[in-house]
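Subject: Structure handover

Hello,

Here is the structure we talked about. Please open it and keep it beside this email while you read.

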Amino acid sequence: MLGSYGGLNTGDEAILTCVLTCLRARRPQARLVVLSRDAEHTRAHQPLADEAPAWEGVAHRKLLETLSGLDLLVLGGGGILYDGEARRYLRLVRAAQLGGVRTFAYAVGAGPLHEPDDREAVRTVLSAMDEVVVRDEESRLVLEEAGLERDVTVTADPALLLPPEPFTAQMMAQEGVPAGARLVGMSVREPGRAAEHLNEGDYHALLAGVADFLARRLDARVLFVPMERQDVRHAHAVLSKMAAPDRSRTLNGAYSPGQILGLMRHLDLVVGMRLHFLIFAALAGLPVLPLPYAGKVFDFARRLGAPMLVGVAREQSGLLLAELDRLWDEFPQRRPELLARVRDLQDLARETGVRCGALLDGLHSHTGGAPDPVRVRPLLAVDKT
C-alpha cells in the first residue's frame, strides 16, 4: 500500500486501517507491506501491516528492490492526487508497473490538478493501472478534466467502514470536559491549496462567532477536535476570538482514529472542515454541518443530504447560523434518512474491496492456487515522469 501514511493525518490512518482490514480478510496469508512516510509510526500503530518500509528520503535502488517483490501495489485511498504531490506517488506506481507489478487505485481522491507535470503523470500512470476507483464524483471529474481517458469507478471513502473504539468518561474528564454538558464538536484546518482564497483572520472570526452562537443557543460546550497537528493552531486562533472562550476546549491527547470515532458518542452536533471528522460524525448519526472549503467536502455533504453552503466566508455568517438553527430543530426527523444514506455509502465503500479482491483472485488463479507470493521480474528502469 502506498499513501500518505505515517500518523500525519487521522483520516489517512483511518483509511489505512480499513484497507488493511479488507485485504487481510480476503487474503489471510498475504504479506501486507505499507510504504510509509513515518515507518516507525506505522509499525507501532498498524498491527495488520507485516512490513512498513519508509519511502521518503530513501535510496532509489532500495525502493526498487521493495517494489520488485510485490504482486500488487495498492495506491491510496485518500486525497493524494493533487498539485505537487501526485507526481511523487505516481513515480513509484510507474516504477512498479514497469517491473510487471499489478496496480490498483483504492478509492483515491483527486484535485486540485492544474500543474502540467502532475496532469501528465495522472494521464500516463493511471491509464496503465489495472483499475482506478475514486471515492467521489468530484475526483472523477478532476481526472477527466486532466485528460484521463479510461473507465473510472466511483465508490466511497474507505474510512466509512471504521469500527469505533471506546472513548471513556475518564478520558473525557482527563480532557477537562465536564460530565453531562451538551457538547458540540468543531473541526478547523488551514486553508491549504484547496482553499487558498480563504482569509485566515476572517474565517477564524466567523468560526468564533459560530462557536459563541452554539454555546448560547444550545447552552453547550464546544470541543475542538484536531485531525492533524497544525489544526491545534487554528483551533486556538478561533478560541482566541470567541466572546466566551471559557466554554471551549481543544482536545489535547493523541488518539487513534477508532477512538476519535468513539468520541462522537459524547457529542450532540458537529461543525467541521475536515472530511473524516464529518465522516465520523455521520457514522455516529449526529447532526452534521459541513464547511465545504474543498470539493471533497461539498461532495460528501451532497451525498449525505447535509446542508451545502457554498464556502467559508465571513459574509456568510447569517446564513451559517440560520442553517445551524434549522439543522438542530429538524434533525430528529432527518436522522433516519441520514442513517440510510450512511449505510448506502458504506455499501459503496465495500465495493472497492470487492473490486480489489477480484484482482487478487486473478493473481491467485495465475499461480494455480499456490499460497506463496509470485515473483516478478526485477525493476530495471523508471519512467522519470
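A disulfide is a covalent bond between the sulfur atoms of two cysteines. Here, a disulfide is counted when a pair of cysteine sulfur atoms lies within 2.5 Å. Cysteine 356 is in no disulfide either, with the sulfur of cysteine 22 as its nearest, 6.6 Å away.

Before the rest, some ground rules. This is a predicted model, in which local features need pLDDT of at least 70 and side-chain atom pairs count only at pLDDT 80 or more, while totals for chains, interfaces and linings use all residues. Residues are numbered from 1 along each chain as its sequence is written, and side-chain values use heavy atoms, with hydrogens and water left out.

Back to the two cysteines. Are they buried or exposed? Buried means under 20% relative accessible area, exposed means over 50%, and partly exposed is in between (1.4 Å probe, protein chains only). Cysteine 22 has a relative accessible area of 18%, so it is buried. Cysteine 356 has 1%, so it is buried too.

Next, the helices. Helices (H or I, at least four residues) and strands (E, at least two) are DSSP runs, numbered from the N terminus. Two packed helices are described by the angle between their axes and the distance between the axes. The axes are lines fitted to C-alpha atoms, for helices over the stretch in contact, and angles run from 0 to 180 degrees between N-to-C directions.

Start with helix H4 (residues 86-98) and helix H5 (residues 116-127). Their axes come within 9 Å and cross at roughly 30°. That angle makes H4 roughly parallel to H5. The cut-offs are under 35 degrees for roughly parallel, over 145 for roughly antiparallel, 65 to 115 for roughly perpendicular, and oblique for the rest. H4 passes H5 in a left-handed crossing. Left-handed means that the near helix is turned anticlockwise from the far one by less than a right angle; right-handed means clockwise.

Which residues meet there? From H4 come Ala86, Arg87, Leu90, Val93, Arg94 and Gln97. From H5 come Asp117, Asp118, Ala121, Val122, Thr124, Val125 and Leu126. Contact means heavy atoms within 4.5 Å. The residues of this contact divide into 7 nonpolar, 2 polar and 4 charged. Ala, Val, Leu, Ile, Met, Phe, Trp, Tyr, Cys and Pro count as nonpolar; Asp, Glu, Lys and Arg count as charged; the others, Gly among them, count as polar.

H4 also packs with helix H3 (residues 60-68). The angle is about 55°, and the axes are 10 Å apart. That makes H3 oblique to H4. H3 passes H4 in a right-handed crossing. Leu63, Leu64 and Leu67 of H3 touch Leu92, Ala95 and Ala96 of H4. This contact has 6 nonpolar residues, no polar and no charged.

Now the backbone. Most residues other than glycine have a negative phi, and most peptide bonds are trans. Look at these cases:

- The bond from glycine 76 to glycine 77 is cis, with omega near 5°. Glycine 77 lies in the loop between strand S1 (72-75) and strand S2 (78-81).
- Glycine 111 and proline 112 are also joined by a cis peptide bond, with omega about -5°. Proline 112 lies in the loop between strand S3 (102-110) and H5.
- Alanine 107 has a positive phi, near 50°. It sits in strand S3.
- Aspartate 219 has a positive phi of about 50°. Its place is the loop between helix H8 (200-217) and strand S7 (220-224). At 55% relative accessibility, aspartate 219 counts as exposed.

One last residue. Where is threonine 250? It lies in strand S8 (residues 248-250). Threonine 250 is buried, with a relative accessible area of 7%. Not counting residues up to four places away in sequence, it touches Glu175, Leu223, Phe224, Pro226, Ala235, His236 and Leu239.

Best wishes
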